[in-house]
Every structure is written in structure tokens, then in C-alpha cells.
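Q: I'm new to this one and would like to go through it slowly. Could you show it to me before we start?

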Amino acid sequence: MIYVTPMSQLPRIVSQSGASHLITLLTAGSDFDRPPEIDRSRHLHLTMHDITDPRPGLTPPAENHVQELLEFAAGWDRQSALVINCYAGISRSTAAAYVICCAIQPERDECELARVLREKSPSATPNSLIVSHGDRLLGRQRRMECAIAEIGRGAEAFEGEPFCLEV
């Protein structure tokens, strides 16, 4: 199971899910305390801004971020949950979950998975740059990008509600 959560709900979701692995996507310098249940070796902390176009002084999601994400996910044994968090649980974390699901389940239809993502999280607005990098790295020939564009922007929200994707 992959759980996606905003930072405010992270301790509860890690505890309730029995997660063994954690991926955190935050802006550099953000306050963050890794939950004690997660061993440091099973935590990937990527720093980037939630943007899709370069802006002076900001760090957009880069291909190397997504490569690290995929490598970390490949080391997850799936015996217990993986939790993915960003600040609001709406953009970076939902994109990361989508990319990982596509990587783990290469036979799964990108559009069907995007629709499941929307059903589970009405506010999900996956970061299109993360999805684009993932699409390219996984050789999906823009199918991931098109699937996410098809579900459109999620409902306005200050932060998303935690949700789970089965893998």
C-alpha cells in the first residue's frame, strides 16, 4: 500500500499504516521531524519547490529527483506500507505516488490509475513536471502526462486528505 498525506497528518498515517518506508518532498529548509517508526535508511527526503516552470531562486523538480524516487521505490519490499508526504499532500506527493505506481505496475493503464487517483483524492493536482520526468524515465511515451492532464486540476483545498493506493 502507498499512503499519501500532508505533513500535518504524517505521524498519524505512519503509525496507523505500520509503514516501513517514507518519502518526503519538501522545500529546502522546511522544518521536518522524521517519525521515530521510520529508520533513517528507509527514508528518502527530496528537496524541491512545488513548481512546474523554472523561477529564479527556486528549485523545480528535476529528472534526478524522480530517478532517486524510482530507485528508492525499487528497494521497497512492499511487505509493509510506503508513505509519501509533501507539505499539503496535493501536488508533489500525489505525483510521486502516481509515478511509483506506474513503475511498480508497468502493465497498468495510465488513465485508469489516474482515475483511481482522482477518486481517492478529489484535491489531487499531481505536479506535472514530476509526472513528465517519470513518464520519460519509464518510457511511457507521454501516456502518463496525458492521463494526468485528463483528470485535470483537483478541487481547491488548503491541504489534501490522506489516502491510500493499492499496489
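Predicted model: local features only at pLDDT ≥ 70, side-chain atom pairs only at ≥ 80, totals over all residues.

Q: OK, so how many salt bridges does the structure hold?

A: The structure holds seven salt bridges. In general terms, side chains of opposite charge can pair when their charged atoms come close.

Q: Which residue does arginine 108 meet in a salt bridge?

A: Arginine 108 pairs with glutamate 112, with 2.9 Å from N to O. Glutamate 112 counts as partly exposed, because its relative accessibility is 29%.

Q: Are arginine 153 and glutamate 156 buried or exposed?

A: Arginine 153 is exposed, having a relative accessible area of 60%, and glutamate 156 is exposed as well, with a value of 65%.

Q: Which residues are linked in a network of salt bridges?

A: Glu110, Arg140 and Arg143 are linked in such a network.

Q: Switching to helices now, how do helix 3 and helix 4 cross?

A: The axes of helix 3, residues 92-104, and helix 4, residues 110-120, come within 11 Å and cross at roughly 145°, and the crossing is right-handed.

Q: Which residues make that contact?

A: Helix 3 contributes Thr94, Tyr98, Cys101 and Cys102, while helix 4 contributes Glu110, Leu113, Ala114 and Leu117. Sorted by class, the contact has six nonpolar residues, one polar and one charged.

Q: What is buried in helix 5?

A: In helix 5, which spans residues 128-138, the buried residues are Leu129, Ile130, Val131, Ser132, His133, Gly134 and Asp135. The buried residues of this helix pack against helix 2 (63-74), helix 3 and helix 6 (143-151).

Q: And what is found at the start of helix 5 and just after it?

A: At the start of helix 5, a side-chain oxygen of asparagine 127 comes to within 2.9 Å of the backbone nitrogen of leucine 129. Just after the helix, glycine 139 takes a positive phi of about 65°.

Note on methods: Residues numbered from 1 in each chain as written. Heavy atoms only, no water. Salt bridge = Lys/Arg side-chain N within 4 Å of Asp/Glu carboxyl O. Buried < 20%, exposed > 50% of the residue type's maximum accessible area, 1.4 Å probe, protein only. Axes fitted to C-alpha atoms, helices over the stretch in contact; angles between N-to-C directions. Helix = DSSP H or I, 4+ residues; strand = E, 2+ residues; numbered from the N terminus. Left-handed = near helix turned anticlockwise from the far one by under 90°. Contact = heavy atoms within 4.5 Å. Nonpolar A, V, L, I, M, F, W, Y, C, P; charged D, E, K, R; others polar. Polar contact = N/O pair within 3.5 Å; in protein donor to acceptor, adjacent residues only side chain to side chain.
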